[in-house]
Amino acid sequence: MASTPNAHRVALVTGGTTGIGAAICRAFHQAGYAVAATYTHDDARADAFSKASGIAAFKWSVADYQACVDGIARVTAALGPVDILANNAGITRDASLAKMQPEQWREVIDVNLSGCFNMAHAVFAGMRARKWGRIVNISSINGQAGQFGQTNYSAAKAGILGFTKALALEGARDGVTVNAVAPGYTDTDMVRAVPADVLAKIVARIPVGRLARPEEIARCVAFLCAEEASYITGATLSVNGGQYMA
Ligand code: CAA
């Protein structure tokens with residue numbers, strides 16, 4: 001007998017041991033789901049996250065299709081089939097186009113955009129067969145508005161919006177919703193890596209007057225994954241303090 005209403009749901013969060021992903025994991029945990037996080041390289045951080053949260057962490061790169069297939073099989077063996085997928089893993093390799101190397105383009109597209117395909121591909125058929133699923137893809141304000149120095153990242157994050165809408169159509173009949181959340185600048189390591197003078201100018205243009213907190217993004221993801229959100233699909237939820245009104 002399930003101890004909480006959602007205990008039979010398994011949620012998987014990519015890039016789940018830090019930043020927005022860790023906040024999504026905690027929100028899912030609080031909602032009562034069985035939660036798994038993926039991470040790519042930092043074992044010590046993943047161990048610390050798992051110890052502090054009680055959430056299992058699994059290591060693989062979302063950019064590697066076969067690693068996703070194998071990794072999801074491991075999660076399924078440990079927790080059960082994946083009902084909820086938050087495609088959160090993302091990287092930046094910022095440079096103006098003039099300075100951007102092909103490798104910087106490829107890495108960002110492979111992780112941020114192809115990673116969504118790789119992960120969704122491995123769970124989507126099962127969700128449809130079970131007639132229930134939630135996929136939330138983390139886009140960005142910079143995929144909606146563009147950002148100097150981010151042709152790679154903006155392209156990937158805009159691509160996620162099209163991917164989301166197309167997949168929403170394919171899941172709708174079978175109870176699988178697919179939505180995007182587009183965060184603004186959020187207080188994470190990724191944003192703290194932006195040069196301080198550049199970041200100060202960006203924050204000065206945010207109507208709310210500050211960075212987002214990861215928890216403010218996570219609660220939107222949890223909202224879209226709830227049982228009651230079954231009629232929301234193909235949507236983009238912008239969470240950016242008023243910085244860009246799509
Ligand atoms: N708009 C217009 N011109 C700009 C500009 C801007 N925003 N930023 C720089 N320039 C101009 C400079 O004034 C300079 O012009 P001059 O040559 O005439 O002096 C020129 O562009 C410099 O170009 P460079 O290619 O030499 O740029 P750079 O090497 O100095 O650095 C950069 C460029 C790496 C993009 C740096 O500006 C930067 O890191 N910007 C921040 C990018 C950013 O916001 N990233 C977000 C990361 S967080 C994230 O992505 C999470 C999320 O989802 C929100």
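Reader: How far does a polar side-chain atom of lysine 99 lie from an oxygen atom of the ligand?

Author: Start with the term. A polar contact is a pair of N or O atoms within 3.5 Å; within protein, one must be able to donate a hydrogen and the other to accept it, and residues adjacent in sequence count only if both atoms are side-chain atoms. Here, lysine 99 places a polar side-chain atom 2.6 Å from a ligand oxygen. For tyrosine 185, a side-chain N or O atom is 2.8 Å from an oxygen atom of the ligand. For glutamine 147, that distance is 3.4 Å.

Reader: What kind of model is this?

Author: This is a predicted model, where local features need pLDDT of at least 70, side-chain atom pairs count only at pLDDT 80 or more, and totals for chains, interfaces and linings use all residues. Residues are numbered from 1 along each chain as its sequence is written, and side-chain values use heavy atoms, without hydrogens and water.

Reader: Which residues come nearest to the ligand?

Author: A residue is near a molecule or strand if one of its heavy atoms lies within 4 Å of it. Of the 18 residues around the ligand, the nearest are Asp94, Ser96, Lys99, Ser140 and Tyr153.

Reader: At what angle do helix α3 and helix α4 pack?

Author: Two packed helices are described by the angle between their axes and the distance between the axes. Axes are lines fitted to C-alpha atoms, for helices over the stretch in contact, and angles run from 0 to 180 degrees between N-to-C directions. Helices (H or I, at least four residues) and strands (E, at least two) are DSSP runs, numbered from the N terminus. Helix α3 (residues 65–79) packs on helix α4 (residues 102–130) at about 40 degrees, with axes 9 Å apart.
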